[in-house]
Amino acid sequence: MTPDHEVPLSLLDDEQLDQLDQHLSDLAQQDEDVFQLFELLGYISALALLPAQDQLDPQWLGPIESQSLQTQQVEAVAALAQLALERAQQGLYQGGGIELPFQAWDEEQADWIVDWAAGFMQACFEQEEQLSLEEPAMAELLLPIMVLSGLFGEEDPEFAEMEEDEPLLEQFVRQLPDLLLDLYCQLNAPEEKAAPAVHKKTSAGQKKKTPRRH
């Protein structure tokens with residue numbers, strides 16, 4: 001699906017990713033609910049699908065907003081996250097898509113993928129109405145990310161079975177770049193579709209806790 005003349009855009013360069021990872025790690029020392037790096041990248045990737053989403057909501061950082069945390073680090077995280085959002089939007093709009101921060105489902109990268117997919121699904125839960133999750137077409141497109149997130153296996157035996165199927169997980173990972181473009185087109189192509197604004201998170205306490213696989 002990716003046009004020959006467009007290439008996927010990376011959300012941040014290696015140095016920026018290292019900076020973001022360090023800031024998040026430092027903030028997590030004070031609040032364990034702070035996003036991990038790959039959760040945050042997945043969360044931003046989902047927000048980038050929304051029509052006319054220009055700025056991250058001031059409350060999106062959730063527990064990072066705590067006054068007890070270091071202001072400079074919070075500001076640095078917010079600035080890098082905003083840049084990543086803009087890059088994701090640019091890549092999707094131009095048709096090249098997003099360069100994902102992993103390549104394959106393997107022992108080294110599996111935890112990264114789970115975190116990315118869990119962060120992506122957290123944004124979907126928060127933006128359920130804007131992302132039209134009740135529509136069958138959207139539910140079908142989101143299925144690979146739902147499975148990769150590991151969030152549904154405890155409640156649904158079919159998901160649990162898929163989560164143990166490594167060839168299927170590898171197939172889902174390979175599908176992700178085109179899948180994100182398909183989701184973007186599904187949400188942005190209809191002319192009659194209004195451009196919704198991102199809802200504010202009501203409180204840090206309502207953040208859906210994503211599972212850790214470490």
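Helices (H or I, at least four residues) and strands (E, at least two) are DSSP runs, numbered from the N terminus. The model is predicted: local features need pLDDT of at least 70, side-chain atom pairs count only at pLDDT 80 or more, and totals for chains, interfaces and linings use all residues. Residues are numbered from 1 along each chain as its sequence is written, and side-chain values use heavy atoms, with hydrogens and water left out.

The chain has 7 helices and 2 strands. From the N terminus on, these elements follow the order β-α-α-α-β-α-α-α-α. Of the 214 residues in the chain, 48% are buried. Buried means under 20% relative accessible area, exposed over 50%, and partly exposed in between (1.4 Å probe, protein chains only). Contact means heavy atoms within 4.5 Å. Among contacts between residues at least 6 apart in sequence, 78% join residues at least 24 apart.

Helix α1 comprises 15 residues, 14–28. At 1.5 Å a residue, α1 should span 21 Å, and its end C-alpha atoms are 21 Å apart, which agrees. The expected span is 1.5 Å times one less than the number of residues in the helix. Within α1, the residues L17, L20, L24 and L27 are buried. Seen down the axis of α1, the buried residues fall within an arc of 95 degrees, so they line one face of the helix. The arc is that of the directions from the helix axis to the C-beta atoms. An α-helix has 3.6 residues a turn, so residues three or four places apart point the same way. The buried residues of α1 pack against α2 (37–47) and α3 (71–94). The face of α1 turned away from its buried side carries the exposed residues D14, E15 and D18. The N-terminal end of α1 is capped by D13, with a side-chain oxygen 3.2 Å from the backbone nitrogen of E15.

Residue A46 is placed in helix α2. A46 counts as buried, at 2% relative accessibility. Beyond its neighbours within four places in sequence, A46 is in contact with F120 and A123. A46 and F120 are 74 residues apart along the chain, yet their C-alpha atoms are separated by 5.3 Å.

Strand β2 (residues 98–99) includes I98. At 4% relative accessibility, I98 counts as buried. Not counting residues up to four places away in sequence, I98 touches P8, L9, L11, S45, A88, L92 and L180. I98 and L181 are 83 residues apart in sequence and 8.5 Å apart in space, C-alpha to C-alpha.

Two packed helices are described by the angle between their axes and the distance between the axes. For helix α5 (residues 136–149) and helix α7 (residues 166–188), the axes come within 9 Å and cross at roughly 145 degrees. Axes are lines fitted to C-alpha atoms, for helices over the stretch in contact, and angles run from 0 to 180 degrees between N-to-C directions. The crossing of α5 past α7 is left-handed. That term applies if the near helix is turned anticlockwise from the far one by less than a right angle; clockwise is right-handed. On the α5 side, the residues in contact include A137, M138, L141 and L142. Their partners in α7 include L169, F172, V173 and L176.

Helix α6 (residues 157–163) contains E163. E163 is buried, with a relative accessible area of 13%. A polar atom of the E163 side chain lies 3.1 Å from the backbone nitrogen of G153.

Key:
A polar contact is a pair of N or O atoms within 3.5 Å; within protein, one must be able to donate a hydrogen and the other to accept it, and residues adjacent in sequence count only if both atoms are side-chain atoms.
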